[in-house]
Amino acid sequence: MSTATLTPTSTPTGSGRAKPVHDEGRIGLRNNLRHIGALVRRNLLQIKKDPESMFDALLMPIIFTLLFVYVFGGSVGGSMGGGRQEYLNYLIPGLMAMMGMNIAMAVGSGVNDDFRKGVMDRFRTMPIARSSVLIAKIVVELGRMMVATLILLAMGFALGMELQESVLGLLGAIALSAAFGAAIMWIFILLGLTMKTAQAVQGMGMLVLMPLQFGSSIFAPTKTMPGWLQTFTDYNPLSNLADAARALMMGGPLAHSVLVTLGWTVVITAVMAPLAVSKFRKKS
Amino acid sequence: MVRMTRIDKNPRSGANAVEVRGLVKHYGSTKALDGVDLDVREGTVLGVLGPNGAGKTTLVRCLSTLIVPDAGHATVAGYDVVKQPRQLRRTIGLTGQYASVDEKLSGWENLYMIGRLLDLPRKTARARADELLERFSLTEAARKAAMDYSGGMRRRLDLAASMIGSPAVLYLDEPTTGLDPRTRNEVWDEVQRMVAEGATVLLTTQYMEEAEQLANELTVIDKGKIIARGGVDELKAKVGGRTLQLRPSDPAQLAAMAQAIREAGLDGVAGAQAVPDEGLLYVPILSDEQLTSVIGLLGTRGFPLAHVATALPSLDEVFLAITGEKSASATDTIPEEVAA
């Protein structure tokens, strides 16, 4: 595809200047990675200058673990045939799944915020793939998610969580949560590009996440829930993710929940990523 | 192959860097652009003059691939805005009305990031950031977050950011709107320097004075349509050039002075209007020669003057002269020292 055949009607005026070698417009993989790198650096610098923006990733795992373990731990653990200890082993893998969602939500408000400032206009008038701005955001949020996960695990171990499976299983659980979290980020990016304000993104996100998080096997086993709710939790991808993480860390039937979670991850990414990038491209 | 034969040896020979034909953009039922045609020759500055809502920003956003036009055709440096957006983006720089830098990052960090995004090697990107900060007198503020910059510093940082890739075509969308007169002069100086170094610029503005300072040619746009175009002098002649304001030492002489000028029959000086309330005499003039002869006449007739000033026609007067109707918003867009 030479430029001449693309625009038969255009007069290639102004070509007295030497054009860069790669002026066909395609952006090579190496350049693309470098662009993403520069944009990741930008997001990290933002965090460095505004450390408060890390509070959610730092404090959420601590607060949630303490709250659930000490408020519900005794009674839920008791009904599971154990005690607080039993519940701790049940809860931590679930929280790992949950926190990914809350952090993913931050991507949406971040993108929304960026768009209302001029800097996005600059990125969009530069010769970089438009997806690289979004991918850089996702990379940074995944980093934040890892920080939160590490703190969560540290909390869990400090309170006496015991892994029933190998470290490999633990790494598998972390990887699965991250992959699913990244898929969910595309949904929040789309939401961030569609809604008017960052607050609206936050509000809408909570509205969707709360029922999904609590109507799942994240915090408590589903067998005491009414039938209609069990149907919901069975189809709730967060239940599958929590079950998968739990199986990988604590043992139990593995294949179904892991496969279903991977399925959701692939489908959500395949549908939402192109939608988000296309919305990003068209947004004026 | 066709391209090669058409390459112009001399970039300043008058080829068009920007060509716009019949550009149309709707927002709902309003036509932001209603069939715009314009050219910007290489190495020149085209001023696009118009009031708020005339379609200036929409035009710039179309030409910088931020929005896709509904109809029409536009090329920048030979690249089609719709079909070759990625190639086109390599040739342009944009400085908008709102600073397009990351506010949380420092000036240096912003410029370095943009250098890296433009594929400069690390070392070159660093050097370029230092060089441009120096050039735009921001070296001292290099490590400060952009959000702590003053309005003028931000605009200069924005200009610096647009210059990193040495773009062939630079869009300046109302580069001084909202700036105080001193800061505005700083920005004008920078733009003039860039133009002297050969940049091709498309400048939008609401200010006649800005257009005169910076532009070689003018296009006047209103309600999405081009309503006049030509050289700055042509347009000024069409509108009536400048207005000479004279304040006699003795206000009682106003009427006598006006009469003297009218009766002297100076070449091309159409009339003189005394406004006793302001103690001022207004004389429309078209050239420096006319200005000199008016002053000369008053000198030989023995009218002492306390104050002399000239004012450009306001955007409102431009519109009045061209369309016969007042623009909706022009009255409040004239900078004070021009109107005064």
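Author: Let's start with a cut-off: angles under 35 degrees count as roughly parallel, over 145 as roughly antiparallel, 65 to 115 as roughly perpendicular, and the rest as oblique. Keep in mind that this is a predicted model. Now to chain B, where helix α4 (residues 107–117) and helix α5 (residues 122–135) pack at an angle of about 135 degrees. That value makes α4(B) and α5(B) oblique to each other, therefore. Their axes are 8 Å apart, and the crossing of α4(B) past α5(B) is right-handed.

Who touches whom? On the α4(B) side you'll find Gly107(B), Trp108(B), Leu111(B), Tyr112(B), Gly115(B) and Arg116(B). They meet Ala125(B), Arg126(B), Arg128(B), Ala129(B), Leu132(B) and Leu133(B) in α5(B). Sort the residues of that contact and you get 7 nonpolar, 2 polar and 3 charged.

On to the sheet. It's an open one in chain B, built from 4 strands in the order β12-β13-β11-β14, with antiparallel pairing. At the edges sit β12 (273–275) and β14 (305–311) of chain B, each pairing on one side only. From one strand to the next, the twist averages 25 degrees.

Zoom in on β11 (residues 242–248) of chain B: 6 bridges tie this strand to β14(B), and the two run antiparallel. Pro248(B), for instance, has Leu305(B) in β14(B) as its bridge partner. A helix packs on this sheet too, namely α11 (residues 288–300) of chain B, which touches β11, β13 (280–285) and β14 of chain B. The direction of α11 makes about 140 degrees with that of β13(B).

Note on methods
Residues numbered from 1 in each chain as written. Chains lettered and ligands numbered in written order. Predicted model: local features only at pLDDT ≥ 70, side-chain atom pairs only at ≥ 80, totals over all residues. Pairing = 2+ DSSP bridges. Axes fitted to C-alpha atoms, helices over the stretch in contact; angles between N-to-C directions. Contact = placed C-beta atoms within 7 Å. Left-handed = near helix turned anticlockwise from the far one by under 90°. Nonpolar A, V, L, I, M, F, W, Y, C, P; charged D, E, K, R; others polar.
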